[in-house]
Amino acid sequence: MKSFKRHLITSALPYANGPLHIGHLAGVYVPSDIYTRYLRLKGQDVLSICASDEHGVPITLKARTEGITPKEVVDRYHELNKKAFEDFGIAFDIYSRTSNKVHYETASDFFLTLYNKGEFTEKVTEQYYDEEAGCFLADRYIVGTCPQCGNENAYGDQCEKCGTSLSPTELINPHSTISGSKPVLRETLHWYLPLDKYEGWLREWILEGHKEWKTNVYGQCKSWLEQGLQPRAVSRDLDWGIPVPVDGAGGKVLYVWFDAPIGYISATKELTPEWEKYWKDPDTKLIHFIGKDNIVFHCIIFPAMLKAEGSFILPENVPANEFLNLENDKISTSRNWAVWLHEYLEEFPGKQDVLRYVLCTNMPETKDSDFMWKDFQAKNNNELVAILGNFVNRSLVLTNNYFGGIAPARSKTDDYDEKVLSEIERIRNNIEPSLESFRFRDALREAMNLARLGNKYLADTEPWKIHKSDPEKVKTIINIALQITANLTIILEPFLPFTTKKLRGWLNCGKFSWAEAGRSDLIPPGHAIKKPGLLFEKIEDDVIEKQINKLRASLKTNNDTGTTVIPPKETVSFDLFSRIDIRTATVLEAEKVPRTTKLLKLTIDTGIDTRTIVSGIAEYFQPDDLVGKQISIVANLEPRKIKGIESKGMILMAEDSGGKLVLVSPAEKTGNGSIIK
RNA sequence: GGCGAGAUAGCUCAGAUGGUUAGAGCGCAUGAUUCAUAAUCAUGAGGUCGGGGGUUCAAUUCCCCCUCUCGCUACCA
């Protein structure tokens with residue numbers, strides 16, 4: 001096992017187009033914070049880096065819908081998220097942002113180095129250009145008819161209705177969402193990172209060299225490598241981002257996936273003039289904390305970039321977590337199915353550690369896990385209050401009651417006392433390997449065993465029974481209880497920093513180092529402690545019910561109205577509208593198209609004829625349920641071959657923001673072929 | 001369709017290069033106890049380890065098939 005001189009910890013850069021929720025915390029920031037705090041306690045040289053990721057098309061889109069500038073969007077969320085991290089004690093050495101000057105320079109330099117080394121390939125492609133707005137259009141800015149499903153609102157990169165990934169040139173009747181005009185194709189030059197070139201090296205490095213990575217990470221990398229890697233464009237025609245630093249590259253910026261990971265480097269640079277020591281010296285252990293959605297970037301693409309650049313070290317491990325669900329359902333920003341960090345703090349002031357604890361005990365380390373409010377309550381009441389808070393309270397109250405708040409000396413210790421004392425060190429020794437291999441749930445469970453040990457020790461020795469008959473023995477007992485309490489301030493520090501700080505205050509002691517954990521002389525005889533308060537308080541049923549109701553209510557609202565309402569399309573003439581022939585029809589037969597997931601082949605009676613329509617609705621409808629249903633169709637849509645079947649027309653569907661499809665049917669049965677107008 | 005991860009006590013999860021009674025925490029039951037936020041401590045009940053087949057003296061652990069969940073990817077409206 002290689003030993004390292006220093007650590008560089010990065011945490012995935014949160015995208016600055018929305019607030020943070022518990023999923024972010026459980027997946028990335030709590031684990032990275034625990035790990036960082038542990039290393040710091042051990043006195044290691046460690047930097048923890050994070051920043052807001054502030055470029056990319058979604059931010060420009062959000063700005064547009066809100067009628068503000070992209071800068072205003074990122075400013076808002078950068079401040080909000082930065083504060084949320086601070087409030088939860090996520091102790092980054094720096095929380096920077098990718099709109100900083102130093103990042104612009106770093107990312108530009110990085111690009112230039114690769115450019116000058118000839119690491120990029122250049123390719124001219126035809127892209128849509130908006131002549132009115134005078135700019136190239138990012139894929140998301142082009143809307144047109146999906147060539148597959150006929151959805152008129154398909155974006156240039158993807159049709160949200162059928163899920164097809166598209167390229168903008170495939171869209172029928174494309175138009176710009178900026179000016180509404182019809183864009184023209186223009187040639188444009190872009191730079192590509194030929195990932196295929198690094199495939200062999202990546203295989204060797206990951207599949208052979210890092211078999212110790214978590215199975216989910218290793219498996220995902222293997223999956224990617226076996227599918228073969230393609231060159232990836234590193235630039236885009238866009239005006240929000242870092243300009244490509246090459247002559248004649250006006251109007252082009254670095255693609256956000258390229259600039260974002262470089263943000264780790266720039267933030268380090270901003271933090272310390274010694275940044276190169278952390279990024280280029282092989283004695284540095286680089287660890288990326290991320291969620292599973294980011295595995296490919298941090299295990300494949302970013303390492304390929306670093307390798308191409310040549311002077312940087314590579315990550316030693318990428319302990320990606322899976323996802324946290326909420327009350328049995330996926331966390332979803334658009335459905336507002338989330339517990340937002342800033343809202344949690346308003347409703348549970350001072351209870352940062354409760355959330356940290358619950359998220360840690362239930363961290364999605366090996367598979368997706370679930371956050372349940374009932375579970376949150378149970379863990380608070382049965383573990384934090386009953387086991388930890390209670391033990392601390394007992395030991396401090398006993399010290400005050402029997403010794404006026406002055407720590408007694410141990411007189412004579414018996415075998416049991418010695419066994420308990422040695423147990424402290426054993427617990428510490430158990431925690432270390434868990435923390436070092438990113439098994440934080442295990443580590444925290446073991447840490448809590450120290451409080452359990454304390455409770456058991458008091459129950460077994462029963463000082464309240466003998467404090468008159470054997471005061472010397474009680475001195476020993478209370479001394480040991482205090483040593484356990486002091487050790488808790490060390491061992492729990494990575495997990496519950498607010499709690500341990502409070503506890504140190506009551507113990508009236510300073511911060512101990514990790515190496516001191518296990519010692520039985522942390523609190524010397526004669527040391528005066530303070531009057532304790534309560535470490536945790538019980539959470540009652542009604543508080544939890546309120547949270548559950550709040551979630552359900554927001555979900556209901558979302559179902560009723562849809563949170564993401566797409567802005568109206570441009571005005572069309574009546575003439576244009578009337579050229580579309582919408583009719584009622586009845587489904588005669590329906591069957592799944594073989595070897596597809598989404599396609600149904602429908603035979604329908606249109607009143608005019610009997611025809612076949614292929615529709616991408618198989619995920620929402622059983623074929624049998626459709627037979628006999630009256631529906632609405634576009635009867636004069638140009639025919640199109642789909643999977644070898646000629647589809648004549650398209651079925652009208654209402655689609656909510658979650659992508660769920662509902663048939664648009666006449667409210668009462670009517671003749672097939674009736675005109676809908 | 002392909003690939004990856006997962007399915008173990010009521011709940012959340014560990015675990016085994018195949019081999020004596022499969023573990024933890026919480027919950028539950030019973031008992032003990034009162035220093036402590038009706039907290040604590042002890043004991044116990046609870047699992048044919050997703051389903052089916054195979055290899056083996058022996059599989060929950062290895063192999064094959066199937067079902068379900070999550071993710072990636074392909075084809076695609």
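Where does leucine 229 lie? Leucine 229 is found in the loop between helix 6 and strand 10 (232-233), where helices (H or I, at least four residues) and strands (E, at least two) are DSSP runs numbered from the N terminus. This is a predicted model, in which local features need pLDDT of at least 70 and side-chain atom pairs count only at pLDDT 80 or more, while totals for chains, interfaces and linings use all residues. Residues are numbered from 1 along each chain as its sequence is written, chains are lettered from A and ligands numbered from 1 in the order in which they are written, and side-chain values use heavy atoms, with hydrogens and water left out.

## Chain A overall

The secondary structure of chain A comes to 20 helices and 26 strands. Of its 677 residues, 53% count as buried; buried means under 20% relative accessible area, exposed over 50%, and partly exposed in between (1.4 Å probe, protein chains only). Chain A exposes about 29800 Å², of which carbon and sulfur atoms supply 49%; these areas come from the Shrake-Rupley method with a 1.4 Å probe, and for residues only the protein chains shown count as cover. Among contacts (heavy atoms within 4.5 Å) in chain A between residues at least 6 apart in sequence, 73% join residues at least 24 apart.

## Nonpolar cores

A nonpolar core is a set of buried Ala, Val, Leu, Ile, Met, Phe, Trp, Tyr and Cys residues joined through side-chain atoms within 4.5 Å. The largest one has 158 residues, and those with the most contacts inside it are Phe258, Phe376 and Leu388. Domain 1 (113-237) and domain 2 (375-516) both give residues to this core, so it lies between them; the domain bounds come from an automatic or database domain assignment. Not counting residues up to four places away in sequence, leucine 388 touches Glu383, Met448, Ala451, Leu488, Leu492, Leu496, Leu535 and Phe536. Apart from this core lies another, of 16 residues, among them Val587, Leu600, Ile617 and Ile631.

The spans below run from the first C-alpha to the last, and the expected span is 1.5 Å times one less than the number of residues.

| Helix | Length | Span | Expected span |
|---|---|---|---|
| Helix 3 (residues 70-87) | 18 residues | 26 Å | 26 Å |
| Helix 6 (residues 215-227) | 13 residues | 18 Å | 18 Å |

In helix 3, the buried residues are Val73, Val74, Tyr77, His78, Asn81, Ala84 and Phe85. They cover an arc of only 135 degrees around the axis, which puts them on the same side of helix 3; the arc is that of the directions from the helix axis to the C-beta atoms. What covers these residues includes helix 1 (22-41), strand 2 (45-52), helix 2 (57-66), strand 3 (94-97) and helix 10 (341-347). Asparagine 81 has a relative accessible area of 1% and, leaving aside neighbours within four places in sequence, is in contact with Gly18, Pro19, Leu20 and Tyr95. Just after helix 3, glycine 89 takes a positive phi of about 75 degrees.

In helix 6, Asn216, Val217, Tyr218, Cys221 and Leu225 are buried, and the buried residues of this helix pack against helix 5 (199-208) and helix 9 (295-309). Helix 6 is followed by glycine 228, whose phi is positive, near 85 degrees. Leucine 229 is buried, with a relative accessible area of 6%, and touches Leu195, Asp196, Glu199, Leu202, Trp224 and Ile300, not counting residues up to four places away in sequence. Leucine 229 and lysine 197 are 32 residues apart in sequence and 8.4 Å apart in space, C-alpha to C-alpha.

Threonine 399, placed in helix 12 (residues 373-403), is buried with a relative accessible area of 0%. Apart from residues up to four places away in sequence, threonine 399 touches Gly404, Gly405, Ile406, Ala407, Ile478, Leu482 and Ile529.

Glutamate 462, in the loop between helix 14 (440-461) and helix 15 (463-466), has a positive phi of about 45 degrees although it is not a glycine, and is partly exposed at a relative accessible area of 28%. Asparagine 508, in the loop between helix 17 (497-507) and helix 18 (541-561), likewise is not a glycine but has a positive phi of about 60 degrees, and is partly exposed at 34% relative accessible area.
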